[in-house]
Amino acid sequence: MAELLRTHPLEGWRTAFERLPDTVRIAVEPFVAMVDVRLGTVGAEASAALGVDLPTAPNTWVPAGTGRAVWLGPDEWLLSSTTETPEELEARVRAAVVGLGGSATDVSAQRIGLRLTGARVRDVLAKGCSIDLHPRVFGRGSSAQTALGQAGVVLLALSDAADDVLVLVRSSFAGYLADWLLDAALEFTSTPND
Amino acid sequence: MQLIACPWCGPREEVEFHYGGQAHVPYPESPAELSDEEWAHYVFFRDNPKGRFAERWNHSAGCRRWFNAIRDTATYRFESVYRLDEPKPVTP
Ligand SMILES: [Zn+2]
């Protein structure tokens, strides 16, 4: 039987990303397992079962094992794992929350990650994002569900200097966003004539 | 652009939100007993004040939660936002 190989939606953008300067680096993150968790009340029981204190402050994320736990709503989180398969993560999280009236759904195929690093990252993002990304208010541990260009994204601040941001975007919008980011980074890219 | 303060996410641009019409329209207590005219009133008839109006809004491009807001329909000014489990604020 023919095996279906999963290709990354941004396979064709790799060379263009490699040409970017150090001030705006874009790295395509490998696929990770992601699970959407719905849970009414977060207590010690849920933390013990999940092995992580789900963040209750809006617009934040915390490390969770090899992955992250991102606040998506007052009763909704995105849990990721780099070491488990989507099936394993979904089964583990579901077992932890289902007894507490919660649910877990595998959404690994929904979003892909783009990691933006460099001193100009904030300037590039600011071209199409209305929220304040200044390190004073968007330090490590901050997150935001908002629009970047015309695409819905989840932004995760990975550093305290706003120079390391993970952008989660829906796979079908990835090509659009990649083009948008390359265009936004254009003024920071040197041309051969420089 | 006008900013709307989501009770969860804080101030965000208006384009991130979806309008949901008049707030505090209760579902009929005994729907089976309603006449067609009463149904029509429940489904289609809404207040249309000039001034303060309690409305439902959805932060569709953000946390995707519904919330309520008191907005002045003449000035477009949001006077307050509150969560669905919070009572309608008493305005002077
Ligand atoms: Zn919100």
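Buried area is the accessible area, computed with a 1.4 Å probe, that two parts lose on being put together, summed over both. In this predicted model, local features need pLDDT of at least 70 and side-chain atom pairs count only at pLDDT 80 or more, while totals for chains, interfaces and linings use all residues. Side-chain values use heavy atoms, with hydrogens and water left out; residues are numbered from 1 along each chain as its sequence is written.

**Domains of chain A**
- Chain A is assigned domain 1 (13-30 + 110-188) and domain 2 (33-106), with bounds from an automatic or database domain assignment.
- The centres of these two domains of chain A, taken over C-alpha atoms, lie 24 Å apart.

**Interface between the domains**
- Domain 1 of chain A and domain 2 of chain A bury about 970 Å² between them, 57% of it from carbon and sulfur atoms.
- R111(A), S143(A) and Q145(A) supply 43% of the area that domain 1 of chain A buries against domain 2 of chain A, more than any other three residues.
- Contact (heavy atoms within 4.5 Å) links 13 residues of domain 1 of chain A with 10 residues of domain 2 of chain A.

**Cysteines**
- There are 0 disulfides over all chains, a disulfide being a pair of cysteine sulfur atoms within 2.5 Å.
- The sulfur of C129(A) is 13 Å from the closest cysteine sulfur, in C9(B), and therefore too far for a bond.
- C129(A) is buried at 8% relative accessibility, and C9(B) is buried at 10%; buried means under 20% relative accessible area, exposed over 50% and partly exposed in between (1.4 Å probe, protein chains only).

How values were computed: Chains are lettered from A and ligands numbered from 1 in the order in which they are written.
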